[in-house]
Amino acid sequence: MSEHTSTPRNAPRDSSRSGPVGRRGFLAGAAAVAAAAATPALAGAAAAAPAAAAAARPNILLIVTDDQPKHTDWALPKLINWLGGQGVTFTHGHSATPLCAPSRSSILSGRHAHHHGVRNNAASHSLDQSTTVQRRLGQAGYRTGLFGKYLNSWALEDSPPHFEEFALLRPGFNNAWWNIDGTVQQLPGYTTNVIKNRTLAFLDKAATDSRPWFAYVTPYASHEPNTPAAKYAETPVPAWNGRPSVPEADRSDKPAYIRNATATLADAQELRRRQLRALLSVDDAVQAIHDKLVALGQLENTLVIYTADNGYTWADHGWLKKSVPYSPAHEVPFYLSWPAGGLGSGTTDSRIVANIDVAPTILDAAGIAPATPLDGHSLLTAAARDHLLVQWWKQGTGGAGPKTWASYVAKDKQYTEYYDLHTDATGAVSGTGQVAFREYYDLVSDPYQLQNLLHRATPAQEQALGIPALAAQLAADRAG
């Protein structure tokens, strides 16, 4: 049995999906949205609706970091001050596939990986570039720019499609190779600073080019080897002594790769130190971009979204990587600001949001109808989900890491199945599809996922936990 890979349909596929509405609909319904308890961040939209309705199409700034987990706020005080203080902080942000290329493809397309086809880091060319947000914005008259990393396995010589201007990075931190508007060259300096300066130059052109713009800014931080800028190489970081999942004393209820994991608290502390130091330069870049928008008079009508392609475990359950169904790997920081759209007052939003929501939000703000069905929904609407499909595919048949898995993730529970499935370099799936292992966690009483309630559970106990219904919903989500 192989994984079902049907094309997207116009009808909603499951209760986790809500379709986007147009920006006009958002503005017209702002008062009703403000009253919705599930979406407190939109409360300010009602008062700002007249100003937003009169505003021109917004500029769009999308910042996506690499392998940045939550709980890294210490390194980003300037970002927190701007997007947290003058925007919306989403407290339940996720990556629907905690791996770089699949996640970035979801960010740009608004679709789950089983629809866009980039199921692993080798399959980047499986993404249909005609479905990307940069193509739609360019068609609508936006000036488009990419500054930083694009997709894993993307050849540096291949210019990223549908970007009018770009500085494409071959991942690295110092003296890296770039494709600058079609010319491959090595540039000196720290790459986060190069990305910052290229972005600022792109923004400066707004003084003479009246078109709205889309800037996709993608620093390599905080990916391994997490090299900090020279000025931050020895910066002290706050102490961290782990959390209950670091280490987990008894992992007998976990899958084999976790039972055999060996990462320690000391390993996690060293990784965290490097990550935080590398992110300090991202914070500097964010502040410089903020200041440039102020100088250009464009801060109010710029939609800013900040997130990461995936999270990262800090030796949780002995694992010091991503690609796993545990919360630190798929939870990500997630911020949005758009003062002219009524989202600039410093609020929090507790909805379950994900990378698949980025493209629908951008298209909605720009007044562009989706050309293809999307799995995400616009965060400018009251749309909410009660759970999220999170999934990951094993590439090849070797190695000792996790098998392919899919997970039903809600605020109060998480149900995961591992499968006998694997992908090739194109993202094509093969295998029997048999369920090889299952996990269920009560996230209210067990937020650190220490006790797999399916370990040695009887059929009656599984029934009491609602496992049959969760399994059926997960199957529907995967097939939808």
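Colleague: How do the residues lining the largest pocket divide into nonpolar, polar and charged?

Modeller: Keep in mind that we're looking at a predicted model. The lining of the largest pocket splits into ten nonpolar, ten polar and five charged residues.

Colleague: And which residues lie nearest the centre of the largest pocket?

Modeller: Those are His 71, Ser 327, Pro 328, Glu 331 and Pro 447, out of 25 lining residues. The space inside comes to about 410 Å³. Look at strand 2 (88-94) and helix 11 (327-330) too, as each gives at least two residues to that lining.

Colleague: How much space lies in the second largest pocket?

Modeller: About 190 Å³. Its lining has 13 residues, with Trp 319, Lys 321, Trp 392, Gly 401 and Pro 402 nearest the centre. By kind, that lining holds five nonpolar, five polar and three charged residues.

Colleague: On to helices. Which residues of helix 14 are buried?

Modeller: The general idea goes like this: an α-helix has 3.6 residues a turn, so residues three or four places apart point the same way. In helix 14, the buried ones are Ile 467, Leu 470, Leu 474, Asp 477 and Arg 478. Seen down the helix axis, they fall within an arc of 95°, so they line one face of helix 14.

Colleague: What do those buried residues pack against?

Modeller: Quite a list! Among the partners are helix 6 (113-116), helix 13 (459-465), strand 11 (388-392) and strand 16 (435-442).

Colleague: How far apart are the end C-alpha atoms of helix 14?

Modeller: They're 18 Å apart. At 1.5 Å a residue, the 13 residues at 467-479 should span 18 Å, so the two values agree.

Terms used: Residues are numbered from 1 along each chain as its sequence is written. This is a predicted model: local features need pLDDT of at least 70, side-chain atom pairs count only at pLDDT 80 or more; totals for chains, interfaces and linings use all residues. Side-chain values use heavy atoms; hydrogens and water are left out. On a 1 Å grid over the protein atoms alone, a cavity is a set of points where a 1.4 Å probe fits but cannot get out, and a pocket is an open set with protein on both sides within 12 Å along at least five of seven lines; lining residues have an atom within 4 Å of a point. Grid points are joined across faces, edges and corners, and a volume is the space filled by probe spheres set on the points. Helices (H or I, at least four residues) and strands (E, at least two) are DSSP runs, numbered from the N terminus. Ala, Val, Leu, Ile, Met, Phe, Trp, Tyr, Cys and Pro count as nonpolar, Asp, Glu, Lys and Arg as charged, and the others, Gly among them, as polar. The expected span of a helix is 1.5 Å times one less than its number of residues. Buried means under 20% relative accessible area, exposed over 50%, partly exposed in between (1.4 Å probe, protein chains only). The arc is that of the directions from the helix axis to the C-beta atoms. Contact means heavy atoms within 4.5 Å.
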